[in-house]
Amino acid sequence: MIVLFDSPWLHGALLGLVVSVSLLTVTAAGLLYERKFAGRLQNRPGPTEVGPWGLLQPVADGLKLFQKEQIVPAAAQRFLFLLAPLLVVVAALAGAAVIPWSAELMVADLHMGVLWALAMASLMPLPVWIAGWSSNNKYALLGAMRTVAQGISYEVPLLLTALVPIILTGSFRMGDIVAAQADLRWFALWPPGPGAVAFVLFLLTALAESNRIPFDIPEAESELVAGVTVEYTGMNFGMFYLAEYVHSLVASAIAAALFLGGWDMGPLGSGLHWMLLKTLLLWAVIFWIRWTLLRFRSDQLMELCWRWLVPLGLGLVLFTATWKVFA
Amino acid sequence: MAVTLSHSLPVQTLPRTMQVGGVTVPVDLVTTGWPDPQMRLEDYDPEADLMTINMGPQHPSTHGVLRVKLWLDGETVVKAVPYVGYLHRGVEKLCEKLTYVQLTPIVDKNDYVSPMMNEMAINMAIENALGIEPPRRAQYMRSILAEIQRIGSHLISVGTWGLDMGGAIGGGATIFMFCMRERELLLDLFEELTGCRFHYNTHTVGGQRHDLPVGWDVKAKQVLARIVERSYEYEQFLVENPICRARARGVAVLDPLLAMECGASGPILRGSGVDFDLRRDAPYAAYGEIEVRVPTRTEGDALARAMVRVDEIRESARIASALLDGVPEGPICALKPVKLPGAVKLMEGETAYAAVEGPRGELGTYLVAQTDRKVGQHPYRLKIRSPSLHALSLLPYLCPGHTLADVVVIIGSLDPIMGEVDR
């Protein structure tokens, strides 16, 4: 691990800043990437006007959001209303602290790394609920209630599927989990059946956790207009938007680390670039799903979770534990 | 002159009674188990904390400026009341002040997704009142254009239904863009024919204004063939998509009796299993000379209505291609080109009703002419029977018991055009 300063505070602050800023940059690039991707999917070129090949589009989007007026509705609870967008980004970025970008580059290699990431992910419903409640808007309230229901339900299968690599490794530490998958013994491939199932399940539940289509019912703009973000303007709205992207990026990174061997690529060497490649590929899959599928209804989402994903997750954990003991 | 009706409708024999335990009882809304749209909210569970929500008139999924007042118990709709009138432009009143040839571009804007249907309905009513018949070439052109308009309208309907379920930033938008891609080809055809892409003003009293350009039929047939090919893509994307099926199957099952009671027509009626189509049952224009197959579904849910529309896209393409083969030569208008707006005159209280099978159902125009000879160039009263208004009257029956997310699917499956509802 890179040690920048002897003081753990300084080290954490600086490395955290570097990773956060680069994450946000990647997210901005991801915005453009997604818009180009969606454009190609829909027989249109995507952004082309701002900068060469539309490269400056995310910058323009950000500037536009910054110069917009921040409106706080008269009936809203002002403090909570303005607090929520900050918390939502913090919750999304905090999960990134334990992502093992490479053997050296990690903000914090906590011995409870996976749990930290999942805990931060499950923190998301709280600021979203704050936003929905303080907006004093019925659509926002409905969206917030959906978020809480969905967030809490999908934590269960998320945790269960994350348990599969944890059991196989015997450690909660991200670095250990990646190291255990050395020489291409990825948990998505090995053990053969359940590893792949757990991987797909993890991606699905991560989609639901980060409120992406087909699970984006909290913001469901076709029925709830914009859900929790309906009263937000300017950069306050931008924060929610950003958090959603960061959240899905972090989810892809964690999935890559837990199931796809992280920075290690066996005979092809190891390093930051492999981790980034895997993360971005998973991110692209999330975009692909988003621009292809329709949205579930909230009760169908709950049914899917409790009737199918949770029993499946439990079965996976049981199988993995048995396999670990006897193999 | 006697009252002229453009067609005589087949007499509808509604089953007014039903058998319950061997006893014949009259059918009413209570015995058939339909939710009571007049439900008093005081009768609902007093423990429930109902939330009133106004969906619209500014809402992304109400297809314009429809406002639906919903009473929600949690997310379940207890009662729904649609309010219309936010797009009222006074078209019917305006028509009383315009001359007959000036009506066409005004009514164009009613059903703005298929403007030619409006033109056709109003001009057919005027022709019926005048007692003139457009030449055969014009009749063929009317049928062909109507079918192409129907395809364009159904493409919008299916595409926006995708938007309702998948969101503007997501899979729904992809379906929508696919549908718009094909609609663009149709608009190009209309542009070549009339010079306009949207509001055409191409039908006129006694026939058509613009003749078919040379080579138009070949181009049109190519486009239609491509759309038939692509229609299977929409089917895969939408009605064969498991999420879409989960969202739309069994949602808002519409009883055929209730549909007829509320005056629903078009794909809504056919989705409920009532085999009724004016093109076949009361042929107008060139439909008498061609076989019209009417796709129907018996499920009556939102999915069935969408599937009827996709089937109709293919059927309309077939009809239009077949008609394009047999367009006769000859004049395109029965009257001389109109120089003065007041040239067409009707008087002595003539009345006429003409209905066409629009993409949304029976689009009718009822016309009462002036009794005064001096002002004979404009109608005394003009009433437009718009299918969307009747479709919206189904909402209070269909919404209760479903969730808020279903309401947008239901509205999308009814496919209302607010310009036509409010006129």
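What we have is a predicted model, in which local features need pLDDT of at least 70 and side-chain atom pairs count only at pLDDT 80 or more, while totals for chains, interfaces and linings use all residues. Residues are numbered from 1 along each chain as its sequence is written, and chains are lettered from A, with ligands numbered from 1, in the order in which they are written.

Let me start with chain A, whose secondary structure comes to 12 helices and zero strands, where helices (H or I, at least four residues) and strands (E, at least two) are DSSP runs numbered from the N terminus. For 327 residues, a compact globule would have a radius of gyration near 20 Å, and chain A, at 20 Å, agrees with that; the radius is taken over C-alpha atoms, and the globule rule is 2.2 Å times the number of residues to the power 0.38. Along the principal axes, the C-alpha atoms of chain A fill a box of roughly 60 × 45 × 45 Å.

Chain B, by comparison, has 15 helices and 11 strands.

Turning to the contact, 25 residues come from chain A and 30 residues from chain B, two residues being in contact if their C-beta atoms, placed from the backbone, lie within 7 Å. On the side of chain A that touches chain B, α6 (138-169), α9 (221-224) and α12 (298-326) each supply at least two residues.
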